Amino acid sequence: MAAKRAATKPTPVRKSKARPRVPENIALVLQGGGALGAYQAGVYQGLHEAGIAPNWLAGISIGAFNTALIAGNPPEKRLDVLREFWDTVSQPFFFPATAQGQEASLGQLHGDSRSWLDAWEAWRALVEGQRGFYAPRAWFDPFAVPGPDTASWYDTRPMLDTLNRLVDFDRLNDGGMRVSVGAVDVASGNLEYFDNAKMRLDARHILASGALPPAFPAVEIDGRWFWDGGLVSNTPLSQLFETEPRRDALVFQVDLWSARGDLPHNLFDVAEREKEIQYSSRTRAITDMHRVGQHYRRLLRELLEEIPADVRARNPWCQHAEKLACDRRYSVIHLIYRDRARIGHFKDYQFGRVAIHEHWQAGRVDIGRALARPEWLELPQGENAFATHDATA
């Protein structure tokens, strides 16, 4: 057990002496990215140790899994449950893990040897699957019934068991923390959000958010079938800004893919760069769009204040403007995983224990840098109603 726990137990990070003042509403927004999601667990650990408790979690794909693990457990158990989850899925489905208590030595391998280790772990993930997550289907099964729940390379029923074991869905739905996870309706192609403020969530909703085809099968919910929300948008950031009523908020946006990258020089680089562009979801463009939108909503609010109350009451255009106007303020701290993310085009399905440990530690270090800037944690003042801070530039 001690060896397993060492796989994801980060080294201490120096805390800032000054306790930051934070807004009442705090959101943690988690992008999809498979094995890279351990970075998000490290980010959450840094927030937890700093005493910063999000009250709205929004996730896509692996971000939805981390969201459920956090929201579905009491604060004092969340880190232990996150470690147990990542310790579990960092083991191949059938045979023992490559690194079992040897993470320290393997983590110091030189470049070429480390590349071989990463490739080996990714190959095992493809061939064997990952424990508590997915298992390969038989190449030929005469008894299989064709359908959306079997049209995939892997069977994800092990993840349903893992989620039901590690997540208290009564707490997730009634624990006072808002949860939003995105998935795509296979029939309509539309992105939808399962939100515990509007419905009761269970393990199927979380699994649907991470059902990336053709590797994973669609998930049936109330007669409809859903795939991974990352097919349409790999970040739920817009859901956060567009949900009404709008509220002042501090937002931690945690991205696992960088939109910016190097020019590819071979086919492996092309495959990696393609994923980065596809799944980065252009978070910067989304924040820029909402910054402009919030500026005009606030401008509209200021103009309405100059119109006499009796005119606003009887003028239909003023009444319509009242619904659009908003003076809310947002501070967005944007973290993008750039450190050890360059494992190769298979970095999202390289679940080796050494890599998982590195992802987790990188997330904790990066959030530590962000929290060392207490002015970022406060809402913007003056005319600027929307501030964005790049914590990993």
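This is a working chat about one predicted structure.

Student: What am I looking at, and which cut-offs apply?
Tutor: A predicted model, where local features need pLDDT of at least 70, side-chain atom pairs count only at pLDDT 80 or more, and totals for chains, interfaces and linings use all residues. Residues are numbered from 1 along each chain as its sequence is written, and side-chain values use heavy atoms, with hydrogens and water left out.

Student: How many helices and strands are in the chain?
Tutor: The chain has 15 helices and 11 strands. Both are DSSP runs numbered from the N terminus: helices are H or I with at least four residues, strands are E with at least two.

Student: What share of the chain counts as buried?
Tutor: 53% of the 393 residues. Buried means under 20% relative accessible area, exposed over 50%, and partly exposed in between, with a 1.4 Å probe and protein chains only.

Student: Helix packing next. How do α2 and α15 pack?
Tutor: Helix α2 covers residues 38-49 and helix α15 covers residues 353-371. Their axes are 6 Å apart, at an angle of about 40 degrees. That makes α2 oblique to α15. Axes are lines fitted to C-alpha atoms, for helices over the stretch in contact, and angles run from 0 to 180 degrees between N-to-C directions. Under 35 degrees counts as roughly parallel, over 145 as roughly antiparallel, 65 to 115 as roughly perpendicular, and the rest as oblique.

Student: Is that crossing left-handed or right-handed?
Tutor: The α2 and α15 crossing is right-handed. The near helix is turned from the far one by less than a right angle: clockwise is right-handed, anticlockwise left-handed.

Student: Which residues make the contact?
Tutor: From α2, they include A38, Y39, V43 and L47. From α15, they include I356, W360, R364 and L371. By class, the α2 and α15 contact has 10 nonpolar, 5 polar and 3 charged residues. Ala, Val, Leu, Ile, Met, Phe, Trp, Tyr, Cys and Pro count as nonpolar, Asp, Glu, Lys and Arg as charged, and the others, Gly among them, as polar.

Student: What about α2 and α3?
Tutor: Helix α3 spans residues 62-71. The α2 and α3 axes lie 9 Å apart, at an angle of about 35 degrees. Their crossing is right-handed. Q40, A41 and Y44 of α2 meet I62, G63, N66 and I70 of α3. That contact has 4 nonpolar, 3 polar and no charged residues.

Student: Switching to backbone. Which way do most phi values and peptide bonds go?
Tutor: Most residues other than glycine have a negative phi, and most peptide bonds are trans.

Student: Which peptide bonds are cis here?
Tutor: One runs from P213 to P214, with omega near -5 degrees. P214 is in the loop between α9 (203-209) and β7 (219-221). Another runs from E244 to P245, with omega near 0 degrees. P245 is in the loop between α10 (237-242) and β9 (249-255).

Student: Where is S61, and what is its phi?
Tutor: S61 is in the loop between β2 (56-60) and α3. Its phi is near 60 degrees, positive in a residue other than glycine. S61 counts as buried, at 10% relative accessibility.

Student: And D222: buried or exposed?
Tutor: D222 counts as exposed, at 67% relative accessibility. D222 lies in the loop between β7 and β8 (224-228). Its phi is positive too, about 55 degrees, although D222 is not a glycine.

Student: What does T243 touch?
Tutor: Not counting residues up to four places away in sequence, T243 touches W56 and R178. T243 sits in the loop between α10 and β9, and is buried, with a relative accessible area of 12%. A polar atom of its side chain lies 2.6 Å from the backbone oxygen of Q239.

Student: Last one. Where is S280?
Tutor: S280 is in helix α11 (residues 267-280). At 3% relative accessibility, S280 counts as buried. A polar atom of the S280 side chain lies 3.4 Å from the backbone oxygen of I277.

Student: How far is S280 from R260?
Tutor: They are 9.0 Å apart, C-alpha to C-alpha, and 20 residues apart in sequence. Leaving aside neighbours within four places in sequence, S280 is in contact with Q31, D255, W257, S258, A259 and K275.

Definitions and conventions:
Contact = heavy atoms within 4.5 Å. Polar contact = N/O pair within 3.5 Å; in protein donor to acceptor, adjacent residues only side chain to side chain.
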